[in-house]
Amino acid sequence: MAALLAPGGSVAAVQAAVAAGADGVYCGFPAASRAEGRGLTRDEVAVCLDIVHRRGRFLHLAANAVPGDTASFRAVLAGFRDLGVDGVILNDPGLIARTVRDFPGWPVYASVGLGVSNREDALFYAALGVRAVVLAPDTAREVLAWPRDPAVGVEVFCDLEVEPLMTGRCALSSYTRPPGEKAASVKRGNPCRQPCRLPWTGAPASGSPFPWRHHTLTDMTPYLRAGVSLFKIQGRRLAPPAVAALVERYRRQLDQARERIANGKE
Amino acid sequence: MELWTGVAALDDLTDGSCGPYTGVYLGFPYCRPYPGNLLEAGEDLARAVGFLHRRGQKAFLATPPAPATADLAWIAAAVGRAREAGIDGAYVHNLGLVRLLSRAHPDLPLHAGCFANVYTGLTAGLLAGHGVRRVAPHFELSLAEMRAIGEGTGLEVEVLVHGAMPLSLTDRCHAVTALDQECPLACRGERWLTAGDLRLRTMGQALWSGRDVCLAEHMARLGHASFVFRVESLGRDGAWRRAVGEIYARLLAGEPLAPAAMDELARLAPWGLCNGYYFGLSGRTYVNGRGEVA
């Protein structure tokens, strides 16, 4: 049955998400996560695990920074696996393959940062043993036409600020840093300076050459029928009340979509 | 040591500009309808392969970096026709395409491009198991990290030594989006975005660095058993391709870098030179031969 996954940028956000009806949350850890917002300490993750597990929910670790030292990163992952984290989201194909091998049975998810753009991509990661691939909105729409395949788990965002440049394929931040500064790759966990938001000339009169847009799913029904296993809300930097409001909205939508399918109304 | 480049159309070969290169990636992977695109050019592709092979040069097909599912069929067909034309291999960024092509053509050498996002030796090793024989680690990696990938995997490692870096991808050609019209062929000219002292070039679906990567001052110390070298000449004219190729061919032959050659490289880069990533610095940084940030 498809689940609703909420952002857990803080212990309070996790509490709010669970209370509002999220089936699961995803949290970051500073040494292992892209710094979209603050990550949680190991102790905070332990607290969040208690919160979610007491309610029969789950917690995924967003370990989507590509490490320079993959050996020590493995030790970090082992610690979280032993803590009871229910699954891990990774952003490097080789690291995914190694983690699936080293921690058999521990669910691994292919991050949206890998830029899965077609069905063969999804099959590539399925063959590595991932539980599911997380898709950006444009590719997620394609899923509606894919043949249903239980071997290919798919997760989509139901709420997301869509980057103007392809997810996982942008080095503008590290390129545009002032000369002499460290590269600070976003892929490796550094904050994105969002140079796409600068006032670029050469742009159309209508505005920025790199327009951001807000993506929201208004009807989950076709995605459910296509076999999507999880609907994800972006926003680890959101305050707890905002997280709760989004969870309530999409909880309602997901339950209504399930009901429509169950009652044969779709 | 090998020196490779890429060309979009047959004219870019027959003008003689590819003489200094060991191998050429054929096709413009960032825009399917690019005029004369060797990616699907049928007879032109066969002529291009024959042209290169008669000169003892290798010919690979350059495939799109982020194809949608609907693109896989025509790309697979293009590779099939390229094989019939005698292509030596394919340059692939997308892991779905690696999977598809390694199954359809298990004996076809694959080179993994910059948008395959090879950041770790683990990923390089994984791709080796799928028929990949050469990887272009992402530009953000340092030379030391690239050496480690080569040493750890036994794969060839492509290092961009000169030319623009494709930094980002858009889902549609930026010129089409910006001008809100059908293909304006804007990429045949030069289209720039500027913000302060920052410059980016738009060409097809890619956003390119305004500055050209340049490792000329470091080539004497660069030699590593696993390295092969690339000059990015997509969007440049034949004079540029030949001039830059001749300079680097001489460097690879062991000749010292002549001041006049360095001056020429600087002249050919109107928005400046860069190589910072290779030294752990921001991409638009330039580190000179003395190790100083210039």
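**Notebook: charges and salt bridges**

I started with Asp82(A), which is exposed at a relative accessible area of 56% (exposed means over 50%, buried under 20%, partly exposed in between, with a 1.4 Å probe and protein chains only). Asp82(A) forms a salt bridge with Arg81(A), closest N and O atoms 2.9 Å apart (a side-chain nitrogen of Lys or Arg within 4 Å of a carboxyl oxygen of Asp or Glu). Arg81(A) is partly exposed, at 31%.

I noted that this is a predicted model, where local features need pLDDT of at least 70 and side-chain atom pairs count only at pLDDT 80 or more, while totals for chains, interfaces and linings use all residues. Residues are numbered from 1 along each chain as its sequence is written, chains are lettered from A and ligands numbered from 1 in the order written, and side-chain values use heavy atoms, without hydrogens and water.

Next I checked pLDDT (the predictor's confidence in each residue, from 0 to 100). The mean is 92 for chain A and 94 for chain B.

I then searched the whole structure and got 29 salt bridges over all chains. One of them joins Arg74(A) and Asp102(A), with closest N and O atoms 2.7 Å apart. That pair links helix 3 (residues 70–83) and helix 4 (residues 93–102) of chain A, 28 residues apart (helices are DSSP runs, H or I, of at least four residues, strands are E runs of at least two, and both are numbered from the N terminus). Arg74(A) is partly exposed at 36%, whereas Asp102(A) counts as buried at 18%.

Last, I looked at Glu158(B), which forms a salt bridge with Arg230(B) at 3.8 Å between the closest N and O atoms. Both Glu158(B) and Arg230(B) are buried.
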